[in-house]
Amino acid sequence: MSIVYLNGQFLPKDEAKISPDDRGFLLADGVYEVTPFYEGAPFCLDRHLTRLEQGLSWMRIQQPVDGLEDVQRRLILENGLESAATSLTYIQITRGAAPRTHYFPVDPVEATVYAYAKAWDRPSPERWSKGFTVATVPDQRWSRVDVKTICLLPNVLAFQDAIEAGADDALLVRDGVAIEGAHMNFWGVFDGVLVTHPTTNQILPGITRGVVLDLAAADGIPVEQRPIQVEELGAAEELFFTGTTGEVRPCVGVDGTPVGDGRVGTITKRLSQLFRAEVEAAKEAAAGTPVA
Ligand code: PDD
């Protein structure tokens with residue numbers, strides 16, 4: 001039985017009780033954050049907490065994020081994940097439990113803060129090297145997907161459509177633009193230039209995306225942040241996704257058509273290596289040993 005955190009307490013998951021009046025349950029009135037841990041060491045924890053804080057502020061949920069670093073570290077320990085190669089914490093904060101109204105509760109209520117930790121698996125090197133496929137699906141999300149709200153219904157429906165179409169993932173398309181995946185940011189390589197959608201209200205500003213942008217710049221890979229048209233995908237040399245549980249994930253087929261020569265590209269491989277090296281450096285820094 002896993003140990004979870006709910007409103008100030010660590011307890012076995014089956015003892016965690018959330019009111020049916022919770023506005024997360026009734027109205028998807030909340031935000032969430034997923035933070036990766038590698039052998040118990042958090043990766044980009046500050047950036048994840050900052051994004052959560054910004055989401056709370058935009059939602060006007062009065063809940064500080066102070067203390068949530070300790071909560072996450074303790075969840076990793078309580079669940080025996082300190083030596084798991086890859087694990088994560090999930091934090092969800094909702095506006096709290098109150099009689100259902102389409103406006104904020106009139107009487108102040110405490111936000112509901114729920115968190116858990118779990119292991120996740122990287123694809124094997126063989127599986128990764130084969131690459132992954134996507135199906136294009138209309139992006140039916142709202143106009144503020146830059147805020148990491150728990151309203152993920154359009155993402156769920158899109159991902160399910162992609163699975164039913166025989167693909168590994170969904171590529172969300174709006175007005176002819178390949179925006180992002182159902183749970184990852186989207187990238188292409190065109191004429192040797194790395195391209196990804198700019199951070200507007202139409203994509204989630206992924207933490208992994210930010211790390212990969214920095215790594216590409218430091219490695220001298222030319223980068224352009226601009227929308228990628230679906231019409232251009234046939235001319236892409238490489239496509240890939242980035243995200244907390246996907247890291248750098250190659251995409252070798254779109255709607256049944258191979259990308260480039262149908263194999264994982266060199267820039268994708270390079271960025272994946274650089275990303276893994278960054279993770280190793282974070283692990284070493286967390287262990288207090290000098291980083292090479
Ligand atoms: N998903 N785009 C969307 C729509 C996402 O939901 C996510 C993250 C990302 C990548 O962001 P990051 O690099 O910060 O993980 C991009 C999380 C992991 C999830 O819903 O489980």
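Residues are numbered from 1 along each chain as its sequence is written. Because the model is predicted, local features need pLDDT of at least 70 and side-chain atom pairs count only at pLDDT 80 or more, while totals for chains, interfaces and linings use all residues, and side-chain values use heavy atoms, with hydrogens and water left out.

The facing pair belongs to strands S5 (residues 87–94) and S6 (residues 112–119), which are antiparallel and share eight bridges. Here two strands pair if DSSP finds at least two bridges between them; strands (E, at least two residues) and helices (H or I, at least four) are DSSP runs, numbered from the N terminus. Both strands sit in an open, antiparallel sheet of six strands, ordered S2-S1-S6-S5-S3-S4. Strands S2 (9–12) and S4 (41–42) stand at the edges with a single partner strand each, so one side of each is left without a neighbour in the sheet. Helix H2 (residues 45–59) lies across S3 (30–38), S4 and S5, and runs at about 180° to S3; angles run from 0 to 180 degrees between N-to-C directions, with axes fitted to C-alpha atoms, for helices over the stretch in contact (heavy atoms within 4.5 Å).

Strand S10 (residues 185–190) gives a view of the interior. Six of its six residues are buried, so S10 is largely enclosed by the rest of the structure; buried means under 20% relative accessible area, with a 1.4 Å probe and protein chains only. In a regular strand the side chains alternate between the two faces of the sheet. In S10, Asn185, Trp187 and Val189 point one way, and Phe186, Gly188 and Phe190 the other. S10 runs antiparallel to S14 (residues 238–243), joined by five bridges, and to S11 (residues 193–196), joined by four. Trp187 has Phe240 as its bridge partner in S14 and stands opposite Thr196 in S11.

Helix H7 (residues 266–286) has 21 residues, which should span 30 Å at 1.5 Å a residue; its end C-alpha atoms are 30 Å apart, which agrees. The expected span is 1.5 Å times one less than the number of residues. Among the buried residues of H7 are Leu271, Phe275 and Val279. Gly288 follows H7, with a positive phi near 80°.

Altogether, the protein has seven helices and 16 strands, and 49% of its 292 residues count as buried.

Terms used
Buried < 20%, exposed > 50% of the residue type's maximum accessible area, 1.4 Å probe, protein only.
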